[in-house]
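Colleague: I have a structure open and would like to go through it slowly. Can you start with whatever terms I need?

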Amino acid sequence: MHAASMPERHGFGYALTPVKLPPMDDLCERYTHITTRIANAARESGRPAGAVRLVAVSKTHTAQAVAQLAACGQRHFGESRVQEGVPKIAAMQDTALEWHFLGPVQRNKARLIAAHFHWLHSLESLDAAKTLSRHAAAAGTRLRALIEINVTCDPRKHGLAPAALPAFLEAYCAQSWPGLALCGLMTIAAHGGPETAVRQTFAQLRELAADSRRAFGLTDFDELSMGMSDDYHWAIAEGATIVRIGRALFGARAR
Ligand SMILES: *Cc1c(COP(=O)(O)O)cnc(C)c1O
C-alpha cells in the first residue's frame, strides 16, 4: 500500500486545527500556564500537585525549541518518529532529559528506540516487547513501557482492544523481560469528542489498569498516560499520571 493512502496513525494527521493559545507569546509563560493548570487539575482530583507528569510532545519542532523549553524547566519530551527523534536526542545529549517514544514500533527501529528513549507509550505486541527488551538489556538499560489501548476499538487507531489485554498480560507475565519495566497503560481519546465520551474513554483506561493489577498481581503498574492539548484537564480528572501535550505548548505543527 502506498504510504499516502495508509490510515493516519491514531486517526488524525499532524495538521489538526490549532488550539487557542493563552494570550502570551513566550514559551516559558505558556509552559507555566500549562503546568499551573495541570497542578490545579491534580489537586481538584484529590491528588498532590506533582502527581501528574507533563510530557512535552516536540514532534515537528526543532531541537532548539526543545532546548528553549528545557531551559524553562521542562524535563520530559515526547517524539513519535525514530528518524526525527534520535537526532534531537543526540543534540540534547548533555542535559538530564527523559525521552518518551509515542509512535508505532517498527522492528528495524527497535534498537534505536531502546538505545535512545527512556519510555515507550506504544507497546502493542509481544513481538515488539521481545525485540525491545533484548536491545535495551544489551545496552544496559531498562525501557519503561506502557501498553497502548484502543479503548473505543477505532479501526483507524493503534493499540490493543481492551478485550485483548488479559491474553497479552498472561503471555507477558509468563516470561521475563530483562530490558523492560512494564508500568501502565496509554490511550488516545477521540479528537474533539464531547466531554462525556472523552471522559468515559479515560475512565475505562483507569479501570482496565486496576483490573489488570488485580488479575495479574502487577506491581508498579500505575502509570496512566492519557490526555493531550484539548483534553488533558478531563484526563487528569479521570486519574491520568502522564499527559502528553504538543500544540498547547509549542503552537500548531507545520505538518
Ligand atoms: C502528537 C501526539 C500528542 C500531542 O498531541 P497535541 O494534540 O499536540 O497535544 C500526544 N500523544 C501522541 C501519541 C501523539 O502522537
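Modeller: One term to begin with: a residue counts as buried if its relative accessible area is under 20%, as exposed if over 50%, and as partly exposed in between. Also keep in mind that this is a predicted model.

Colleague: Fine. How much of the protein chain counts as buried?

Modeller: Of its 255 residues, 51% count as buried. The accessible surface of the chain is about 11,900 Å², and carbon and sulfur atoms account for 53% of that.

Colleague: How many helices and strands are there?

Modeller: The protein chain has 9 helices and 8 strands. As for how the chain folds back on itself, take the contacts between residues at least 6 apart in sequence: 62% of them join residues at least 24 apart.

Colleague: Give me one residue as an example. Where is Val 57?

Modeller: Val 57 belongs to strand β1, which covers residues 53–57.

Colleague: Buried or exposed?

Modeller: Val 57 is buried, because its relative accessibility is 5% and the cut-off for buried is under 20%.

Colleague: And what does Val 57 touch, leaving out residues up to four places away in sequence?

Modeller: Val 57 touches Gly 78, Leu 102, Arg 244, Ile 245, Gly 246 and Phe 250. Take Gly 246: 189 residues separate it from Val 57 in sequence, yet their C-alpha atoms are 4.4 Å apart in space.

Colleague: Let's move to the ligand. Which residues are closest to it?

Modeller: The closest are Lys 59, Ser 229, Arg 244, Arg 247 and Arg 253, out of 13 residues that surround the ligand. By type, the shell divides into 6 nonpolar, 3 polar and 4 charged residues.

Colleague: How much of the ligand's accessible area does the protein cover?

Modeller: The ligand on its own has 390 Å² of accessible area, and the protein covers 99% of that.

Colleague: New topic, cysteines. How many disulfides does the structure hold?

Modeller: There is 1 disulfide. A disulfide is a covalent bond between the sulfur atoms of two cysteines. Here the two are Cys 28 and Cys 72, with sulfur atoms 2.0 Å apart.

Colleague: Which parts of the chain does the pair link?

Modeller: Distant ones: Cys 28 is in helix α1 (residues 27–44) and Cys 72 is in helix α2 (residues 63–72), 44 residues apart. The link of Cys 28 and Cys 72 is left-handed, with -100° about the S-S bond.

Colleague: Are those two cysteines buried or partly exposed?

Modeller: Cys 28 is partly exposed, because its relative accessible area is 30%. Cys 72 has 19% relative accessibility, so it counts as buried.

Colleague: What about Cys 153, where is that?

Modeller: Cys 153 sits in the loop between β5 (143–148) and α6 (165–173). It is partly exposed, at 48%. Cys 153 also has a positive phi of about 55°, although it is not a glycine.

Colleague: And what is the phi of Asp 220?

Modeller: Asp 220 has a positive phi of about 55° and is not a glycine. Asp 220 lies in the loop between α7 (195–216) and β7 (223–225). With a relative accessible area of 60%, Asp 220 is exposed.

Technical notes: Residues numbered from 1 in each chain as written. Predicted model: local features only at pLDDT ≥ 70, side-chain atom pairs only at ≥ 80, totals over all residues. Heavy atoms only, no water. Helix = DSSP H or I, 4+ residues; strand = E, 2+ residues; numbered from the N terminus. Buried < 20%, exposed > 50% of the residue type's maximum accessible area, 1.4 Å probe, protein only. Contact = heavy atoms within 4.5 Å. Disulfide = S-S within 2.5 Å. Near = heavy atom within 4 Å. Areas by Shrake-Rupley, 256 points an atom, 1.4 Å probe, with all protein chains shown as cover. Nonpolar A, V, L, I, M, F, W, Y, C, P; charged D, E, K, R; others polar.
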